[in-house]
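Student: Hi! Could you walk me through how the two chains meet in this one?
Tutor: Happy to, let's look at it together.

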2 protein chains.
Amino acid sequence: MLLDNLNNHKIYLASKSPRRRELLAGMGIDFDILTTDVEETYDPAWSPEEIVMHLSRLKLSPIDMAQYDPKTIFITCDTIVVVDGQIIGKPKDKADAERMLKMLSGNTHTVYSGLTVATPQKQLTNYRATDVVFETLSDDMIQYYIDTYQPFDKAGSYGVQEWIGRVGIREVRGSFYNVMGLPTRLLWTMLEQMCL
Amino acid sequence: MLLDNLNNHKIYLASKSPRRRELLAGMGIDFDILTTDVEETYDPAWSPEEIVMHLSRLKLSPIDMAQYDPKTIFITCDTIVVVDGQIIGKPKDKADAERMLKMLSGNTHTVYSGLTVATPQKQLTNYRATDVVFETLSDDMIQYYIDTYQPFDKAGSYGVQEWIGRVGIREVRGSFYNVMGLPTRLLWTMLEQMCL
């Protein structure tokens with residue numbers, strides 16, 4: 001099984017997100033954290049799929065692969081939310097979080113994650129898209145959620161695993177864990193391609 | 001907002017499931033636990049929807065409502081898994097868990113939850129159904145999961161929030177929290193019908 005093979009590899013997750021760390025740990029995988037700083041730029045003419053795959057590769061770019069053992073595996077991921085054809089990232093402040101949640105209310109949006117798995121010799125990139133259907137959120141619900149959960153570090157201003165995900169979402173179509181921030185089944189398949 | 005109204009009510013969750021308790025707590029709702037013992041019988045000719053709604057009402061039946069304040073709210077829930085037209089409950093032993101996970105592997109099943117919300121004067125019952133698509137699970141993966149997670153208290157022998165849910169599920173269509181054991185959004189709507 002993959003988990004036995006992974007014992008021969010040193011794995012780094014290049015991410016600042018505590019949710020990604022928790023999701024990777026829940027896959028039974030041992031890893032260390034490595035954080036890279038990159039300016040997240042892209043061509044606005046690109047499709048959401050191209051953007052998240054590009055950004056996941058970009059997060060890998062500051063790492064000097066040559067200095068690592070050939071068996072080292074690096075994992076990077078980038079997530080964006082697209083609603084009414086518009087890309088929304090992390091909110092700037094409370095008013096921005098309110099604006100985003102009003103856009104999501106009573107509407108369907110898509111969460112895209114780009115995932116890159118790389119060794120010093122080989123690199124794989126893929127993505128997943130998941131549709132999320134929100135019920136209509138009252139202003140009171142939006143206020144309560146922002147005040148209580150402070151979702152300022154989250155693309156689209158919400159965490160599906162938090163209060164708003166339990167009381168405000170009608171339906172998820174696709175990978176729930178992708179909406180949380182890491183398409184875990186896709187990662188499993190890519191690690192199998194890399195190691196088995 | 002509903003949470004303010006609920007402050008005037010005493011709420012009991014009649015369930016032994018730690019997952020249901022955690023899901024209800026994550027909705028921001030204060031409650032106490034009350035456990036009832038009933039023999040979970042039903043007519044096998046009934047549809048899955050009828051069965052789970054019946055069983056959620058049945059779990060309420062041992063409670064002597066007359067002795068409670070009229071503002072008390074009771075919540076009961078029952079979940080079953082249906083695959084290839086067959087209802088599967090909790091596994092009897094390791095071999096039974098293996099058999100169930102082999103039925104789910106590479107297949108789509110449906111998780112049904114029946115939910116009852118009641119006061120001494122009024123009773124509401126409804127249900128949610130969610131489709132779950134599993135990837136093909138190798139025998140090694142099934143062995144590892146059963147040995148590590150001991151899913152003997154779970155309908156269908158798996159927890160979507162555990163390792164198998166992260167690495168083995170391709171897609172969820174509907175309420176993820178229903179698959180965890182409590183259709184949280186449905187409960188929110190039913191509590192609004194009861195209290196607002």
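Tutor: One term before we start: a salt bridge here is a side-chain nitrogen of Lys or Arg within 4 Å of a carboxyl oxygen of Asp or Glu. Also keep in mind that this is a predicted model.

Student: Okay, so how many salt bridges are there across the interface of chain A and chain B?
Tutor: The rule finds two across that interface. In one of the salt bridges there, Arg185(A) pairs with Glu135(B), and the closest N and O atoms are 3.9 Å apart.

Student: Why does that pair count as a salt bridge?
Tutor: Its closest N and O atoms are 3.9 Å apart, and the cut-off is within 4 Å, so the pair qualifies.

Student: Where does Glu135(B) lie?
Tutor: Glu135(B) is in the loop between strand E6 (123-134) and helix H5 (139-149) of chain B.

Student: Is Glu135(B) buried or exposed?
Tutor: Buried: its relative accessible area is 16%, and buried means under 20%, so Glu135(B) falls in that class.

Student: What is Glu135(B) in contact with, leaving aside its neighbours within four places in sequence?
Tutor: From chain A there is Arg185(A). From chain B there are Ser105(B), Gly106(B), Gly168(B), Ile169(B) and Arg170(B).

Student: And which way do E6(B) and E7(B) pair?
Tutor: They pair in the antiparallel sense, over four bridges. Within that pairing, Phe134(B) stands opposite Ile169(B) in E7(B).

Student: Switching to the whole interface: how much area do chain A and chain B bury between them?
Tutor: About 2,600 Å², with 57% of it on carbon and sulfur atoms. On the chain A side, Arg166(A), Tyr177(A) and Arg185(A) lose the most area to chain B, together 29% of what that side buries.

Student: How many residues does the contact take from each chain?
Tutor: It takes 32 residues from chain A and 32 residues from chain B.

Student: Which strand of chain B is joined to E7(A)?
Tutor: Strand E7 (residues 169-174) of chain B: three bridges join the two, and they run antiparallel. There, Arg173(A) stands opposite Arg173(B).

How values were computed:
Residues are numbered from 1 along each chain as its sequence is written. Chains are lettered from A and ligands numbered from 1 in the order in which they are written. This is a predicted model: local features need pLDDT of at least 70, side-chain atom pairs count only at pLDDT 80 or more; totals for chains, interfaces and linings use all residues. Side-chain values use heavy atoms; hydrogens and water are left out. Contact means heavy atoms within 4.5 Å. Buried area is the accessible area (1.4 Å probe) that two parts lose on being put together, summed over both. Two strands pair if DSSP finds at least two bridges between them. Buried means under 20% relative accessible area, exposed over 50%, partly exposed in between (1.4 Å probe, protein chains only).
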